[in-house]
Amino acid sequence: MRRYGPAVLLALVGAAILRVSLFSELYLRYVQAGLRPYLVVSGAALVLLAVAVAGVARGAAVHEAEGHEGGDGDGHEGGDGDGGGDGHEGGDGDGGGDGHEGTGDHAGHSHSDTHSHGPAGPRVAWFLTLPALALLLLPPPALGSYSAEREAAQRAAQGVGTFPDLPSGNPVDLTLGEFGSRAVYDSGRSLKGRTVRLTGFVTRDGDGAWYVTRLLVSCCAADATTAKAEVRGVEAPPVDTWVTVTGTWHPEGELGSTEAWPPVVDVTSLRRVRQPDNPYEKR
């Protein structure tokens with residue numbers, strides 16, 4: 001059975017990839033939407049490779065079984081040929097001794113292969129299927145407050161300049177990344193006097209302040225960075241709760257300075273929302 005281990009592992013990984021990319025939107029927890037076709041192709045390729053590996057293993061098993069059957073048949077025929085009138089006595093002699101020794105060696109090798117590494121590897125290799133099985137049955141959640149808090153909130157004084165005008169009407173929906181960029185670097189102060197609406201999850205710091213936060217990715221969750229805004233005027237929901245807040249920008253610090261980060265929003269309304277299918281913003 002161990003010879004099928006590689007095929008099982010490939011099949012589980014391929015099925016897990018297909019589950020999150022082809023049959024659900026769970027892949028958005030890990031990568032950008034544009035990478036979905038590559039995930040689907042990779043998952044399908046792994047499943048097909050698993051089928052091919054299983055076929056090769058089955059063919060090897062059949063060939064090995066046929067070889068053993070052929071060897072046993074020759075041994076019995078040879079024994080019958082050496083028999084005759086004194087066949088039993090001959091069996092006790094050199095011929096019989098050699099026959100038993102050959103059988104013993106063969107059985108010894110077979111026993112060793114079964115209980116040691118053998119062509120299919122040690123039994124402990126089956127434990128490699130556990131992470132793949134866990135990925136298939138229990139996909140990891142999206143990154144949250146723990147990942148956001150690991151990034152230092154220091155930003156260099158760069159990129160200060162004017163930004164395009166905001167759309168007309170209030171409130172204006174902004175991503176956390178755009179709100180932070182305009183608050184910290186926009187010399188035209190395009191946020192001044194405007195009502196904004198921001199969506200993200202709740203994070204806190206040791207000083208009691210809380211933030212509406214979003215993780216920004218370029219490619220996948222591994223390169224995530226943090227965009228957030230300090231919320232004032234309303235009580236904080238539990239950490240990792242997704243919310244939509246509406247309010248106005250509260251300027252602090254000079255443009256491009258570390259004092260200006262994170263930006264502050266004076267909130268007039270807060271609404272709890274469900275986590276979006278794509279929890280990340282594109283950086």
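Biologist: Which residues of helix 7 are buried, and how should I read that word?

Modeller: Buried means under 20% relative accessible area, exposed over 50%, and partly exposed in between, with a 1.4 Å probe and protein chains only. In helix 7, the buried residues are Leu176, Gly177, Phe179, Gly180, Arg182, Ala183, Val184 and Tyr185. Eight of the 10 residues of helix 7 are buried, so the helix is largely enclosed by the rest of the structure. This is a predicted model, in which local features need pLDDT of at least 70 and side-chain atom pairs count only at pLDDT 80 or more, while totals for chains, interfaces and linings use all residues. Residues are numbered from 1 along each chain as its sequence is written, and side-chain values use heavy atoms, with hydrogens and water left out.

Biologist: Against which elements do the buried residues of helix 7 pack?

Modeller: Helices (H or I, at least four residues) and strands (E, at least two) are DSSP runs numbered from the N terminus. The buried residues of helix 7 pack against strands 2, 3, 4, 5, 6 and 7. Phe179, counting contacts as heavy atoms within 4.5 Å and leaving aside neighbours within four places in sequence, touches residues including Leu174, Leu191, Trp249 and Val265.

Biologist: How many residues does the largest nonpolar core have?

Modeller: In soluble globular proteins, nonpolar side chains tend to be buried together. A nonpolar core is a set of buried Ala, Val, Leu, Ile, Met, Phe, Trp, Tyr and Cys residues joined through side-chain atoms within 4.5 Å. The largest one here has 21 residues, and Phe179, Val196 and Val265 are among those with the most contacts inside it. Helix 7 and strand 5 are among the elements that give two or more residues to this core.

Biologist: How many bridges join strand 5 to strand 6?

Modeller: Two strands pair if DSSP finds at least two bridges between them. Eight bridges join strand 5 to strand 6, and the two run antiparallel; Val245 has Leu270 in strand 6 as its bridge partner. Strand 2 is also antiparallel to strand 5, with seven bridges joining them, and Val196 stands opposite Gly247 in strand 5. Seven of the nine residues of strand 5 are buried.

Biologist: Is Arg214 buried or exposed?

Modeller: Arg214, which lies in strand 3, is buried, with a relative accessible area of 10%. A polar contact is a pair of N or O atoms within 3.5 Å; within protein, one must be able to donate a hydrogen and the other to accept it, and residues adjacent in sequence count only if both atoms are side-chain atoms. The side chain of Arg214 reaches the backbone oxygen of Thr199 at 3.1 Å, and a polar atom of that side chain lies 2.8 Å from the backbone oxygen of Pro279.
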